[in-house]
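Hi everyone, thanks for coming.

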Amino acid sequence: MTQNSTYNRLSDEKSAYLLQHKDNLIHWFSYGPEAIQRAKDENKPIFLSVGYSTCHWCHVMAAESFGDQETADFMNENFINIKVDKEELPDVDNYYQQACQLFTQSGGWPLSAFLLPDMRPFFAGTYFPKNAVEGQTSFKELTSELLRAFKEEKEQIETNATNVTEAIAKGLVPKDKVEYQGHFPPPAAIMDAVKQFADESNGGYGQSPKFPQFSFYEWAIEQMLEGMIQKDQGEHIILSLEKMLMGGVYDHARGGIHRYSTDEKWLIPHFEKMIYDQAGLLRLLAKASVLYPSPIIFDSLIQTLDFLEAEMLGESAHFLTAQDADSEGVEGLYHTFTIEEFEDALKNYEDETESLIDNSETIKKWFNITKEGNFDKGLNVISLNYDLRSDFFTQDGWNTIRKVKKAIQNERKMRVPPMTDNKGVASWNFMMVSALVDVMQYCQIDIIRQKASSLFNTTLEGLYTNFLVSKDEQGMKIRHSTTRGASLPYLEDYVNFAQTQLRVYEMTGNPVFKQNFSDTLEYVLKEFVDGDKVFTRAKSANDHELYPNQSVNSMDQSYKSPASTLVHITRRAAILFGDKEYLDKIKDIQEDFTHESLKNPLNCGEALRALSYPDAAYRVVKLPVEWLENSQFINFMPYFLSRFVLDYTRDGEDKWEICNLNECEIAGTGLEEFIETLRPTSTPEEVKESE
């Protein structure tokens, strides 16, 4: 070995995740041609380790194995070791996650992939312990066996790699079709189909772990607003929202939502907070507030906006990626309280009108605080007792709830906080700005709108300075992350940028955003779509990597499927620009996604949002841009769900019209006539009361 091959190369990286591993005893390469060439020159297998900075089990595996001298010596001698931050290189992660699904029927992080020197995988898994436990293979046993197979069973290894590569190329979702009548099954029928998975006691669907499937709930709320879901079906959605927001998966002290719940009751979360989850939460709550204007909905909105501004906004006006689950090396330590710590928080809260400690017995019942705790070592995850909601869903009760939340937030300020990854990811920032637009459009509480508007104004400028490299005749050039100077063109970045530009246009009426939407969508349809396939990176970048470009399906993974979002915004573009050719460009994708989503609707919420409405349901609403300065119009905007696209005229006339793909159906003059013509005969609240 040459001298320069015997050290860890991560110290010059900008990624927080890679820097966490710069002192590992394993001689990591960052991903790139140098490492791959070294594997070819030395005919060694590649160990590709993929994770991210706030990943709990990534920390565990690093401490157990990557800092162990014996393990490191073995890996350094026999493998070329490559470390990847999945948030920097989503394309790499996506490909080898698919391989992991084929080998183990699961996925996640840390991803441990073992590759031939040409980057084809011959095995992939996730976390492996240093020592074998409960029948789980140890990392040492695994790597020793894989090295033996690489040297002694070349034919079998080649067969594995070929089979996996071919399976990924075909796609992991079966192509069989679902029988149904009409354009798409009605929403009530889909709700009936998923009812067998509904947890009637705790809300949500399925057993633990429970993820807040934001896109599915958002679709359900939209269809409830349209009157397309039956009362009992809708009640389960509201139950799920309330249970989620009262459970420990929601951060009651600060706002924002944790990644998922480890139990079926939404009580014990995996404590990391991802920025894309906050975007999903804001979108969902903004629309839910129209249907169900509850204090817990509004407080969760304002709290989460406060959290984003205080803790997740970078100095250069972009949203940061995530907060760690661990602090001081312990998962959940920052967020949990012993009964004594909780009582101290109540004692230390100063309020002239109320002594929280005098009311502590009631408060502890409301917040499920016990001596035994509900977490490790007598610690309590903060939550609200759903069974006592009638006690605290009063004006006085809810004021006390708010004070307690402030009290525990004050106490938490004295603690060592979890690490926050200060990287910005383009697609996630675009999702956040779109979510802020949703809050501005759908939430009818002025202080919440103003908070969202303030964040929107700050971060909209941040999008351009942090992620948009240039614009030329080919369209926008988008940088995927703030930690790498350049990146391949990724579907998720361009699709979410396009959606953001459309939503910002609908909120501001500025024609620059409309043009950006048009240009970016044209680029996406040209560069990422081929018949019934949507690719994860641009077709012009097909040959830039050894692993093949891969198609993206309709399933929401950690966040909403960018391919489903593409279908959604293309259908909206057709009505906005009055151009049916847009629909022709996605008809094959739409057909495939229809059948994919109907097989697994809970995990394809974004596809349901994209596919539920027939073409004939879409409308473009053409309005004078001056109306955007009129509070009466702003207050009417929540009535326009995504099948309506707002467009603006600048001719100084006070005329409006509403058009489908073939003709303009209704026209008039003046805002009063517009509202009178369109206003529903009863509001969702009035319908609820009448029931």
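Let's start with disulfides: a search of the whole structure turns up 2 of them. Please keep in mind that this is a predicted model.

Cys659 counts as buried, because its relative accessibility is 3%. Cys664, on the other hand, has 39% and counts as partly exposed.

If you count the bonded cysteines along the chain, the pattern is 1-2, 3-4. And what about Cys100? Cys100 takes part in no disulfide, and the nearest cysteine sulfur, belonging to Cys58, is 13 Å away. Cys100 is buried, at 0% relative accessibility. Cys443 is buried as well, with a relative accessible area of 0%.

Now to the charged residues. Side chains of opposite charge can pair when their charged atoms come close. How many salt bridges does the structure hold? There are 53.

Let me pick out a few. Glu42 and Lys44 form a salt bridge, and their closest N and O atoms are 3.2 Å apart. Lys44 is buried at 11% relative accessibility, while Glu42 is partly exposed at 30%.

Next, please find Lys287. Its salt bridge with Glu218 has the closest N and O atoms 2.6 Å apart. Glu218 sits in helix 9, residues 214-225, and Lys287 in helix 11, residues 275-291, so this pair ties together parts that are 69 residues apart in sequence. Glu218 counts as buried at 1% relative accessibility, and Lys287 does at 2%.

Lys287 also meets Glu222 in a salt bridge, at 2.8 Å from N to O. Glu222 lies in helix 9 and Lys287 in helix 11, so that pair ties together parts 65 residues apart in sequence. Both Glu222 and Lys287 are buried.

These residues belong to a network of salt bridges, whose members include Glu218, Glu222, Arg283, Lys287 and Asp438. Among the others in that network are Arg503, Glu506, Lys560 and Arg572, along with Glu606 and Arg609.

How values were computed
Residues are numbered from 1 along each chain as its sequence is written. This is a predicted model: local features need pLDDT of at least 70, side-chain atom pairs count only at pLDDT 80 or more; totals for chains, interfaces and linings use all residues. Side-chain values use heavy atoms; hydrogens and water are left out. A disulfide is a pair of cysteine sulfur atoms within 2.5 Å. Buried means under 20% relative accessible area, exposed over 50%, partly exposed in between (1.4 Å probe, protein chains only). A salt bridge is a side-chain nitrogen of Lys or Arg within 4 Å of a carboxyl oxygen of Asp or Glu. Helices (H or I, at least four residues) and strands (E, at least two) are DSSP runs, numbered from the N terminus.
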